[in-house]
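Here is a short briefing to read alongside the structure.

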Amino acid sequence: MSAKSKFDLTLYLVTDSTPEVLGGKDICHIVEEALKGGVTLVQYRDKHADTGLLIETASKLHAITKKYNVPLLINDRVDVCLAVGAEGVHIGQDDMNIAKAKTLLPQGAIVGVTASSVNEADAAIENGADYLGIGTMFATPTKKDTKSIIGTRGTKLILSKCQTGTEHNVGCVAIGSINRSNVQRVLHQSTFGSNKLNGVAVVSAIMAAPDPQAAASELRDRIRSAAEQFYISARPGVKVAADVEEVLGQMPAVIKKHVLSSVLCHNMTNTVVQNFAANVCLATGSSPIMSLNGAEAPDLAKLGGGLVINMGTITPDIMSAYQAGVKAYNAAGNPVLLDPVGGGATSVRRAAIQTLLATGFYSVIKGNEGEIGAVMGSSTTQQRGVDSGPSISNEEQKADIVKWLAQRERCVVLMTGATDYLSDGSRTVAISNGTKLLGSITGSGCALGSVVTSYMAVHRDDKFVAALAGILHYEIAAERAAANPSCRGPGSFIPTFLDELYLFGRDEENWNLHKTAKIK
Ligand code: 3NM
Ligand code: MG
């Protein structure tokens, strides 16, 4: 039969018969429930059973998948596939080679191949693979002998270099610890330009679920709505303001919405700035909570606010709280800002950045030049302490770096400095507001992170616009504080700044930002 033209990789169920995953349950029942929930392709995978049992089970499964018009593939065993007339096979790098499998199988049989690198993907495509199973995405107890964990970055590399994904005839799915809470970010972060994964493959997320039908149906829903929650910047269907005038024109409404919001701003921030950041939140109209307890993140994440992860005073305990935090906010679809404070300064911090980037999705990554360099993984921007260090790039390069990183991470990136650069990968602005006094007090960058976060939580239509509104609210208030006669230096700047943050936000006369903001 020619199933090839019809196969759909959206939600690919790979079975497992081990006690750890299947328990005492009936594999046929689970597969049928999963099909009812919307699984689009099934692979029978059993690394331990004898040939007789493999054929018996495969044949029962095939009777079920046929009812739902879904192809059944057999892991590794061309002989079992032929014996039951299944639609194809899935072969790993250590299994029979693809050319051999193709000569044994009938015309039109589906042959999928596992690939974990660009080379393996290229070779599989050249040899006629119909799709690629790309993995291992994240470490998984279901496959203990996995050779490489490639994450979304490795997957994206394959999508960028190989003739695979939605732009090509060779589809691809990712596999390895994909489940309801990470499926959307896996799809979002793996995307390269218009080339995307065609879907995901899962074992335990369905096989070990208490209700496999509900699990499959929830995964289908989340795959379908991925773009809604993890949009790069603007929500699908929103008319994006493209030029600076138009973007500025949206600011007054966004600021007004924010100051009246009391939106929750959850700060997992460093011990130095707790008090100042909380005061800045109150002055700008958000409602701060300073909690470094990962266990309460899932409850807080549901309250509609945003989360700041600020690595300023990082410890091993706090690392796990950050991870719990980003996972909880991703699952709830609420924004997270990553502020990798001092990111380039020590190997602990450089490693922490990589771990955090692999753990979740950040709507905004914010940092000074050295910190952004550390996020990029560049070794040329070594940092001293947590300050910005020497300026090594010219202004043009900074804008390019920020745009490039926004495209790589598919999020909004903010590089702070005398001039700030903000980009969502397509729109980039340079903001020259602010005052030197911001550099004379501690925590001014950290508190800006809180403001940008709460603005994103309030204005969901366009994160780029939201972030810019937060930056302008903050920096124009700082300018006004510096110009205020009651400000005589860093000490008196702080209370004056808090007043101006409060007053600026509530004084609509100041919202004629066309005249005030210095955006290039
Ligand atoms: N293949 P779960 S990972 C069958 O990397 C399989 O090629 C992998 O199981 C690969 O969804 C894997 O339970 C197991 O994490 C995936
Ligand atoms: Mg195999």
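Helix H20 (residues 444-458) and H21 pack with their axes 8 Å apart, at an angle of about 140°. Helices and strands here are DSSP runs numbered from the N terminus (H or I with at least four residues for helices, E with at least two for strands). This is a predicted model, where local features need pLDDT of at least 70, side-chain atom pairs count only at pLDDT 80 or more, and totals for chains, interfaces and linings use all residues. Residues are numbered from 1 along each chain as its sequence is written, while chains are lettered from A and ligands numbered from 1 in the order in which they are written.

**Confidence**
- The chain averages a pLDDT (the predictor's confidence in each residue, from 0 to 100) of 91, and 95% of the residues score at least 70.
- Over residues 379-391 the pLDDT falls below 50, and this stretch has 27 contacts in the model beyond near neighbours in sequence; a contact means that the C-beta atoms of two residues, placed from the backbone, lie within 7 Å.
- Where pLDDT is low, the predicted coordinates should not be read in detail.
- The model scores are ipTM 0.94 and pTM 0.86.

**The H20 and H21 pair**
- For the angle of about 140°, axes are lines fitted to C-alpha atoms, for helices over the stretch in contact, and angles run from 0 to 180 degrees between N-to-C directions.
- H20 and H21 are therefore oblique to each other; angles under 35 degrees count as roughly parallel, over 145 as roughly antiparallel, 65 to 115 as roughly perpendicular and the rest as oblique.
- On the H20 side the contact is made by Leu448, Val451, Val452, Tyr455, Met456 and Val458.
- H21 contributes residues including Ala466, Ala467, Gly470, His473 and Tyr474.

- H21 (residues 463-483) has 21 residues and reaches 30 Å from its first C-alpha to its last, close to the 30 Å expected at 1.5 Å a residue; the expected span is 1.5 Å times one less than the number of residues.
- Since 18 of its 21 residues are buried, H21 is largely enclosed by the rest of the structure.
- Buried means 20 or more other C-beta atoms within 10 Å of a residue's own, exposed means 12 or fewer, and partly exposed is in between, with C-beta atoms placed from the backbone.
- H22 (residues 490-506) has 17 residues and spans 24 Å from its first C-alpha to its last, close to the 24 Å expected at 1.5 Å a residue.
- Among the buried residues of H22 are Phe493, Phe497, Leu501 and Phe504.
- The buried residues of H22 pack against H13, helix H14 (274-284) and H21.

- Most residues other than glycine have a negative phi, and most peptide bonds are trans.
- The peptide bond from Gly135 to Thr136 is cis, with omega near 5°, and Thr136 sits in the loop between strand S6 (131-134) and helix H7 (151-161).
- Asn69, not a glycine, has a positive phi of about 60°; Asn69 counts as exposed, with 10 C-beta neighbours inside 10 Å.
- Ser262 also is not a glycine and has a positive phi of about 50°; Ser262 counts as partly exposed, with 15 C-beta neighbours inside 10 Å.

**Gly199**
- Gly199 is in strand S8 (residues 199-202) and is buried, with 25 other C-beta atoms within 10 Å.
- Leaving out residues up to four places away in sequence, Gly199 touches Leu9, Thr10, Leu11, Tyr12, Val173 and Ile223.
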